[in-house]
Amino acid sequence: MRNRILIVDDEDSISSIFQIILSELGHSALSASTGEEALKLFQDEGAAIDIAFIDLSLPDLEGTDVIRRIRQMDFQLPIILCTGNSANDMTQVAFSAGANDVLLKPFSVDGIKELLSRHVKPMSL
């Protein structure tokens, strides 16, 4: 069984790279380019989502607002805030919004693997 991962980023190139990496790691991905699109997708598919990677800067909502609204629907979903800002600046902001971790951009395959291993149960064969 593959893990299903929600990617929320308004930059198509980042979403595409994320999807390629996740596919190569054996996961499936859903993507949204706005906060409202992500919330709608989560309402429709939330029970099937294993982890979410949410960008801080979206065109319609801040990523932290999206995280807070998802937290109202699901308290246990692992959520990773993605940002190009320094980790020291964003860690407290991310955690206070309800994120479980921070992924700094530019991200690496190893960074994504580490977060997945830390926050998602291993896939069963």
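**A closer look at Asp55**

Aspartate 55 is buried, as its relative accessible area is 5% (buried means under 20%, exposed over 50% and partly exposed in between, with a 1.4 Å probe and protein chains only). A word on the model: it is predicted, so local features need pLDDT of at least 70 and side-chain atom pairs pLDDT of 80 or more, while totals for chains, interfaces and linings use all residues. Residues are numbered from 1 along each chain as its sequence is written, and side-chain values use heavy atoms, leaving out hydrogens and water.

Aspartate 55 belongs to strand 3, residues 51-55 (strands are DSSP E runs of at least two residues, helices H or I runs of at least four, both numbered from the N terminus). Its side chain makes a polar contact with the side chain of lysine 105 at 2.8 Å (a pair of N or O atoms within 3.5 Å, one able to donate a hydrogen and the other to accept it within protein; residues adjacent in sequence count only if both atoms are side-chain atoms). Leaving aside residues up to four places away in sequence, aspartate 55 touches Val8, Asp9, Asp10, Gly63, Leu81, Cys82, Thr83 and Lys105 (contact means heavy atoms within 4.5 Å).

Now to the helices. The axes of helix 1 (residues 12-24) and helix 5 (residues 109-119) come within 11 Å and cross at roughly 60° (axes are lines fitted to C-alpha atoms over the stretch in contact, with angles from 0 to 180 degrees between N-to-C directions). Phe18, Ile21 and Leu22 of helix 1 meet Val109, Ile112 and Leu116 of helix 5. This contact has six nonpolar residues, no polar and no charged ones.

Helix 2 (residues 35-45) and helix 3 (residues 63-73) have axes that come within 10 Å and cross at roughly 15°. The two are therefore roughly parallel to each other (under 35 degrees; over 145 is roughly antiparallel, 65 to 115 roughly perpendicular and the rest oblique). On the helix 2 side the contact involves Gly35, Glu36, Ala38, Leu39, Phe42 and Gln43, and on the helix 3 side Val66, Arg69, Ile70 and Met73.

For contrast, serine 117 sits in helix 5 and counts as exposed, at 59% relative accessibility. The side chain of serine 117 reaches the backbone oxygen of glutamate 114 at 2.9 Å.

Key. Ala, Val, Leu, Ile, Met, Phe, Trp, Tyr, Cys and Pro count as nonpolar, Asp, Glu, Lys and Arg as charged, and the others, Gly among them, as polar.
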